[in-house]
Every structure is written in structure tokens, then in C-alpha cells.
Protein chains: 2
Amino acid sequence: MKVCKFGGTSVASAEQIMKVAGIISSDRSRRIVVVSAPGKRYPEDRKVTDMLIRLADAALDNKDTEPLLAEVVGRFSLIAEGLGIGGEFVSTVEEDLRSRLAADRPHAGRFMDLMKAAGEDNNARLIAAYLNQIGIEAVYKSPKEAGLIVEGPAGDGMADTESYVRLSKLKEETRVIVFPGFFGYTKDGVLCTFGRGGSDITGAILAASTGADMYENFTDVDGVFAANPNVVDNPALIGKMTYREMRELAYNGFTVLHDESLMPAFNHSVPVNIKNTNNPAAPGTLIVKERECKTQPVIGIAADSGFSTLYVDKYLMNREMGFGRRLLGILEDEQISFEHTPTGIDNMSVIIRNKFLTPEKEERILKRCFDELKVDDAHISSDYSMIVLVGETMRYSKGLAARAAMALAGSGTNIEMINQGSSEVSIVFGVKKEDEKKALRAVYNEFFVPAHAHTF
Amino acid sequence: MKVCKFGGTSVASAEQIMKVAGIISSDRSRRIVVVSAPGKRYPEDRKVTDMLIRLADAALDNKDTEPLLAEVVGRFSLIAEGLGIGGEFVSTVEEDLRSRLAADRPHAGRFMDLMKAAGEDNNARLIAAYLNQIGIEAVYKSPKEAGLIVEGPAGDGMADTESYVRLSKLKEETRVIVFPGFFGYTKDGVLCTFGRGGSDITGAILAASTGADMYENFTDVDGVFAANPNVVDNPALIGKMTYREMRELAYNGFTVLHDESLMPAFNHSVPVNIKNTNNPAAPGTLIVKERECKTQPVIGIAADSGFSTLYVDKYLMNREMGFGRRLLGILEDEQISFEHTPTGIDNMSVIIRNKFLTPEKEERILKRCFDELKVDDAHISSDYSMIVLVGETMRYSKGLAARAAMALAGSGTNIEMINQGSSEVSIVFGVKKEDEKKALRAVYNEFFVPAHAHTF
């Protein structure tokens, strides 16, 4: 049995939903279908979820909601029409939206969740109706009815463990289940959305709880590429990788997946297949617990900008017990996570994501470094990028760091930082942001384009 | 004006002391001479300081001290005889030792200090006598009389800042001052020795306080070599390096100098010249505040064994604010300093010098990692070595890390860890201890033997 999740672009139009129906009907083991809200049909298009956020904002600001409501209804109307589904369905969408807008609003965040979720919820009803219309027995299933109970703050929920027991009953359903992604309900029955990658999480939870043989994640690309295709020309497609590799790549900038969204599936050892709705015959990328092949030590190369370095210098720092702990404590007081901490005898750097910093925080941190840690020097530099080589089998392969460093040097990139030694899955090179693209290309060529590779 | 310090092997015998006298007489600017206790004349020889420690131990254990006392007196007698100095000098040495042995012993550490310092003290008197005998006007100067006031525990004193003012008066002395290294006195007049590199510290303090133009540190090698001569054949001699380079090399395993002993001179911008008593015409190694040459980016390569790695792994560690600080806090509770902390998404390693660990400490640390930090995995591996490339101008030179990593790979060494990015003066490679020597040779050849060097 397979659980399939279709992302926003896969369900953005009648034409796309027809492809989805074709995919479902071609394999009877595709029993549970999780759908996103209609996404973009072309780059400048507006997603339904974004329309709903605007609509909710207008309602919260007591502005006129009618034109924004009409925009959402119009989009669903266009899709329904294309699928040959009658106007009465469009009326139910409008009624649904009006009833959400009319709900009590004790908490703005919960209201926003309720509005945003309307995209997935109505799309699931629409797709279930369409499947039945073309002869595929299907049923819309509400997360509330199915028992997907979510805990946590608005917009960042997590499924509780008992949900997995309740949701396991879904496998008894003989019809194809169409399940809206992105949200569940609290124990008190209040709608709560997941964080980033929300529909991916729903699919992963359903795959885990039903013990699916496979979690198929349909998107609009043929799979995961070994490097960003916007920077590297025609990068290699990754045929198979491990969960750990996926997580490292996602954490370090691969946007096709959110690093934690697939975890429920991984934790229950359900393999994940990233596939293309527009090219379903392509094998896609398979993400599994273990892979055997050791011929390709580097499976992918991530590049991510937006890092800063806090540098502190103090003579005889190495003799000062507790210095590092106190420095990290200052960052923690500002609710700042750190990525890496390269050290010298008399100095220490902390690599931080820019998103954690503000000018006020930076000022407070530097002041405390001087006042409390009595450092000789402290400063923060931004505009760093990280180039991350990922591969489970890198640890068995000597000379990998050398090849990467050599490729970077050959491209004229100065290596600002190297972090290797704890993770067995990654090696991190810090470079100046201005060098990021050429650095990524150079390292990609070294490991993926045979003519470029150096040998010893 | 120069302050000269002569180490143990430079004053180990009459023949060596004659060389010292020759060095002093050949340059009239050598006005202050700091001397060690007689050191080893040949590898299996016993240093006077070690004899004195045995003597003090015997006294503390109420054992027979006479044979050990006779050994020290005998050694001085041999030197005095060789220098043509009369037996009455030898009697003063014996009297001095007996009076030290007879002193009150309220504190064993202070008694040990008093006994150990007899080596330097009597040697300074002997050398002053010899200089006068051969026509060089010289005077023995006691640290007490000169005002070298030391604070801190027995065996690990530090000069107080006012000592520098008092000691500055030494430059008014017209005769050559012979000053015993290694010790001073507390404010209460109790003798207290310095820590490791003690006579070097005395010389550095005198050079700093008298505003010397140069601090000449005479030893038994031609200077500082770019790598350990016991591992690398005929390593290059470092002609000139900066204080920071010296400190990095010394901290990371260069034994010719102790990393902090020369700091008083550096803090007062007195250049240091490491010279060879047995080859005084050789220019030696000059240690200065700044150097201009940028042709040789790597000035020296240190290698040091005796490191352990504490590795901890916990899923979603990257999301857990304060994890790193808490881990370092556990180490701090055990009074453990750390060297480096390479990090991954879900894991962190801490590199520690083995000397800080015991089986009991390791057990407590691992238990707390599991109990308090709730890690999924934690273990400690020992037998790591660090290969450290040092050079102020490395930061201007692209591709250095690549060349080093490539040389390591070419030698079949697996790189366990790389730390680059905070210190501008060093790059650290962690390797298995069994690979240390071949790793050092490979990196040395890459940067110092033209035929081996790789180019881009």
C-alpha cells in the first residue's frame, strides 16, 4: 500500500488534477492521497494559500473581504469547471469560506490557521468528487474525523503519538482516501496547521501510521538533484539516498524538501519516493534507511547563504576554563542557535544564521563579550555562505576534503572555514557569499563531472 | 643592551661555561646573564635539578640525605675544578644546601621550591666567580635583593607588576649581572619557583623590565626548526617568525620553547633570539612582533599526540537551544578545557587533551550526557594527534588547506577532523595517532621541499 502526497503545483489546475487522477488509477496500491492547496500554474501566479492569508489579514483588519473571497472562489470555480464538476460544488466552497470568516476569533493565530487550511480542505473535497466522477471510488476524509490530533502553537503544530494509532484505521477503508494536508485539530477541536512543509508532514504521518510500503511524494521535478539546478547546469539526479543524507541536504539549503517534514515516515522505516506528477514514469529519487553503493562518496552538494560569524579574541583564552560555555550562554540568552564554532588558541568564532540576528542583538552580544568575557576584540561579519558536501560513504574515502579544497582553490575561492570531524555525513566549507556560486560549481564539477576530477 | 639566558645544557660543565664566558666577552652589550642549573652533558646524564628533587624527597621522607647531597656537591665540585675555582667555593655550595635542608618546613611545596632553586642559585654564583676570574667584571644578583616578587602557588609563581619597576634598576649596574633563573620570592620573603620554562621566564622578565634591545635565549640547537627533527630529516631552520607563530607552535607541541614563558618579553616588544651556545656564530631564530615576508606562508608545522574526542549524537540537536553550552558545562564541572568542537546537525565532538581525562571522569561525563542531555549516543575515543600548520601569512594564500589535505591524502592519512576559520595563524588537522609521523612528513614535504609541492 502506498500513501501519495501531491504538492501545490501538482493540483494547481484541472489539467494537473487530471494527471493526478491518472497516477492514482494506474496503480491500485495508491490508497491514500494527501493533497495541498492549489499552487502556482506559472511563476507569477498566486497560490491559493497566499490568497487565503490576504483574506484572513483583511478580516483581522476589518477591511472589505469580498474581493479577496471572490478571488479564492474564482480559482476553485475555474478548476471545478475544467474538471466538469457542477456549480453546486463552488457554492459549498463559498459557504465554507464564509463560515470560517464568521467564526469566533479569540486568537488571531488560530483564526489564520483556520483560514489557511481552507485551501487544502476544499481541494481535497474537490479531488475526491472528481475521482468518483471518473469512476474511482474515493472518499474525502477530514483530519478531525480521522483523529489527527495536533499539539503546539498556531502555525507550528506536531501530531501527538496517539494520532498514529487512530490513523492506522484508515487502511481498513476500501475506497481511495483523499486527505487534506497541512493541518489537524487540537484536543479541544481547534484547527491547527503544521509548520513549513505541512502537507509533506501529513503524508509522512499517514504513511507511518498505516505502515505503508512506500510514501510517494509527488512534486514538479524529476527528483532531487545533486546540486541546485539554478547554479549548476544539468546537475545529476540522485537515484537513491539515505534519510541522513536527505536531512543534511535539506538542512543545508536543498529546498525541494523540508528537513524534518518526512521524519514520521523515516522513523517508521517507510521509504520515500520523490516523483514528478508531470513525468510519473521517471523513477524519481528514492530515500531509504541504508544504501549499499560506495562508488559515489559525495551524493549531493548544498550551498546556502545567510550566515554570520561572531569572532572573539582574548589572549590566553585557552587557559580560561569555561570561556566557550559562557560565550555560547550569551548567544542562548538572545535565543540564538549556532551552527559551528571553529577555535584557535586565543580566539573562537561562532557561525550563526543571519535570521537569528538583529542590529540590537548584535550590539548586546558584543557589549557583553567586552564587559563580561573581557575579550580583547569582538566583531560580527555577515555575508558568509556554506558549501556542504553530503554522503554517507565519504568517511570510507580518503582525500575527499583535499579534492574539495583543491577544487575551491582552483576556482579562486578562499576557504574561510572548514568544519569536518563530527558528522560522518558532511564536510562544511565556509566561503564568502560572493564566491558561493563559483564554489558550488567547482566542487560539483570535481565530484560529478569525470573530466574535472583530480586524482592522487 | 641584551639580556642573555643560558639553558641547562649550556651550563652543564666547565667546558660549556667557558663557551658562555666567550659569548659574553665577545659582545659587551650582553649585560645581564640569566643561568639555569647544570643540565645534562649527555643523554643519560642526570640534571642537577633532578638531583635536588630527589634530595628534597629524601628529606621529606626522613631518609638518609647524605649520599644525595654528596651527588650535588660532587657535580658542582667537578665544574668548579674544571674552571680552576678553588675548593672554598665547593664548601659554600655544601653549606648552602645544608642550610636549605635545615630550614623550617611548614609547607612541603615551598620546601621543594627552596631545594630545587639551589641549582640555579649556586650556578649563578659559580659563573659570576668564573667571569671575574677571567677578567670580566661580574656580580651575582639575588632575585630577593633585586626585588623579583612572585605570587601564586609553590612551583607555579608569576611575577607581580611592581617587580618590573624594581628590576628596571638593574640596567644601572656597570658590571655583568649573573642572575639565577627559575625563582623569585613572595612578599613574605619565601622562595617560590616559576612553572615550566622557569629560567626562560626570568630572562624574559629581566629583558622586559630593563627595556633590553634583545633577549638572547641560548640553548643547544641552532634555533627553531620548521618541524620536529626527530621525525623529519634535516628540517629547515626558521630564520624569523612572529610571537603569534611561536606561541601557536609551542602550544601545539614545539618543545624548544614554552608557549607562555617568553610572553613578558613579547608584551614589552623585546625581540627574542634563540641561539646555540655551541654555535654562537649562527644567526639562530629571531622572534619579532611582525614580519614582512609573504613568500613562505607556512612557517612551521607542529604535531602533537595525546588527544581524545568526546562524540555525542542526538536527533534534532540543532533545534535544541543551549545543547552545546550544557555539554561544555559538563566538561567544565570536571575541570576540562577543550581544544576544538566540530559540529554536525545532530552531533557534536569535543577534542580534549588526554591529560585532562581519567577513566572515572570519562564515566561521569558519559553518564551525564545520557542522563542530562538525553543523547542517543556518546563515546570517547583516544589516540588522536593534531597536525598544525602555522603561519601569519597563510590567510593571504589561497589553496593552502587544499595543499595540506592533498599531501595528507597522498600519504594515505585519513583526515579525522579539520579546524580552520577562527585563528588566522593556524590550520589544524586531526589524524589518528598511528598516522602522525607520516602525516607530518607529508605536509612538511608539501610546503618545504620544492620537488614535492603541488600547484594549481
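B:R325 and A:E332 are joined by a salt bridge in which the closest N and O atoms are 2.2 Å apart, a salt bridge being a side-chain nitrogen of Lys or Arg within 4 Å of a carboxyl oxygen of Asp or Glu. The model is predicted, so that local features need pLDDT of at least 70 and side-chain atom pairs count only at pLDDT 80 or more, while totals for chains, interfaces and linings use all residues. Residues are numbered from 1 along each chain as its sequence is written, chains are lettered from A and ligands numbered from 1 in the order in which they are written, and side-chain values use heavy atoms, with hydrogens and water left out.

| Item | Value |
|---|---|
| Residues in contact | 54 of chain B, 53 of chain A |
| Buried area | about 4,900 Å², 52% of it on carbon and sulfur atoms |
| Salt bridges | 4 |
| Residue pairs in polar contact | 17, both residues at pLDDT 80 or more |

In these rows, contact means heavy atoms within 4.5 Å, and buried area is the accessible area (1.4 Å probe) that two parts lose on being put together, summed over both. A polar contact is a pair of N or O atoms within 3.5 Å, where within protein one must be able to donate a hydrogen and the other to accept it, and where residues adjacent in sequence count only if both atoms are side-chain atoms.

Strand β16 (residues 417-420) of chain A pairs with β16(B) in the antiparallel sense over 3 bridges, and the bridge partner of A:I418 in β16(B) is B:Q420. Strands are DSSP runs (E, at least two residues), as helices are (H or I, at least four), numbered from the N terminus, and two strands pair if DSSP finds at least two bridges between them.

Within chain B, B:D304 lies in strand β13 (residues 300-313) and counts as buried at 18% relative accessibility, the term meaning under 20% relative accessible area (1.4 Å probe, protein chains only). The side chain of B:D304 makes a polar contact with that of B:R353 at 3.3 Å, and, leaving aside neighbours within four places in sequence, the residues in contact with B:D304 include B:Y251, B:Y384 and B:E436.

In chain A, helix α10 (residues 243-251) has 8 of its 9 residues buried and is therefore largely enclosed by the rest of the structure; among the buried residues are A:Y243, A:R247 and A:Y251. α10(A) is followed by A:G253, whose phi is positive, near 125°.

Notes:
Buried < 20%, exposed > 50% of the residue type's maximum accessible area, 1.4 Å probe, protein only.
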